[in-house]
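Hello,

Here is the structure I promised to pass on to you. Please have a look at it first, and then read on for my notes.

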Amino acid sequence: MEQDLIKRVQAITNGGELYYDYNEEIDLARDYSFKICRQYNDLVQHQNEYHYELLAGLFAHLGKNVRIEANFLTEFGFNLSVGDNVTILQDVSLIDCTFVTIGNNVVIGPHCGIYTANHAEDPKLRANHYCYERPIVIEDDVVIGGGSVIAPGVKIGAGSIVQAGSVVVKDLPANSFCLGDPCQAIRKLRVD
């Protein structure tokens with residue numbers, strides 16, 4: 001995808017202000033990402049081949065020793081930074097309409113959703129496809145259990161565990177065992 005298009009779409013979506021989600025350039029960027037994700041997923045599912053160069057060309061950053069399983073979807077890719085030693089299991093949807101930062105040594109379980117998008121609160125604007133975005137940060141050494149949802153604007157502190165099926169709607173502290181809907185830090189983890 002051409003860098004000028006990426007910059008124009010980021011100028012629209014990354015500012016935290018309402019924007020029209022069906023803008024022609026946004027659609028072009030989204031369609032390109034979906035195409036690359038389909039190619040990647042098809043190779044994993046049908047040929048057991050992991051062509052990370054496809055994703056590296058799509059992402060803002062793709063670290064070393066990364067494993068991304070089939071049925072992975074990212075809305076744009078160019079807002080997504082993935083650190084080293086990251087595992088993303090099957091059926092993960094990552095709506096990166098603004099920045100999503102995933103640190104090093106992170107595991108994201110199957111069937112997780114990571115969503116930066118908020119829809120307009122005004123029903124007329126919402127009906128006309130207006131939305132706004134909030135960035136997400138997943139710090140180093142985090143485990144996110146399967147079926148969890150990470151909501152817009154959330155930061156998950158380093159070393160934390162998010163139990164399967166949790167819905168994370170607010171920041172979570174570092175080195176904590178977290179669970180629930182809404183997800184809460186239940187206790188500190190023992191760190192040697």
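A word on burial before the rest: a residue is buried when its relative accessible area is under 20%, exposed when it is over 50%, and partly exposed in between (1.4 Å probe, protein chains only). By that definition Cys183 is buried, because its relative accessibility is 0%. Please keep in mind that this is a predicted model, in which local features need pLDDT of at least 70 and side-chain atom pairs count only at pLDDT 80 or more, while totals for chains, interfaces and linings use all residues. Residues are numbered from 1 along each chain as its sequence is written, and side-chain values use heavy atoms, with hydrogens and water left out.

**The cysteines**

With a disulfide defined as a pair of cysteine sulfur atoms within 2.5 Å, a search of the whole structure finds zero of them. Cys178 is in no disulfide, and the nearest cysteine sulfur, that of Cys183, is 5.0 Å away.

**Around strand E19**

Helices (H or I, at least four residues) and strands (E, at least two) are DSSP runs, numbered from the N terminus. Ser176 sits in strand E19, which covers residues 176-180. Ser176 is buried, because its relative accessibility is 2%. Counting contacts as heavy atoms within 4.5 Å, and leaving aside neighbours within four places in sequence, Ser176 meets several residues, including Gly159, Ile161, Arg187 and Leu189.

Two backbone details belong here as well. Most residues other than glycine have a negative phi, and most peptide bonds are trans. Asn175, in the loop between strand E18 (167-168) and E19, has a positive phi of about 50 degrees. Asp181 and Pro182 are joined by a cis peptide bond, with omega about 5 degrees, and Pro182 is found in the loop between E19 and strand E20 (183-188).

**Helix H2**

Helix H2 (residues 24-47) has 24 residues and reaches 34 Å from its first C-alpha to its last, close to the 34 Å expected at 1.5 Å a residue. That expected span is 1.5 Å times one less than the number of residues. H2 is followed by Asn48, whose phi is positive, near 50 degrees.

Among the buried residues of H2 are Ile26, Ala29, Ser33, Ile36, Cys37 and Tyr40. What do the buried residues of H2 pack against? Their partners are helix H1 (3-13), strand E1 (19-20), helix H3 (52-56), strand E3 (67-68) and strand E4 (73-74). In the loop between E3 and E4 lies Asn71, which has a positive phi of about 65 degrees although it is not a glycine.

Best wishes
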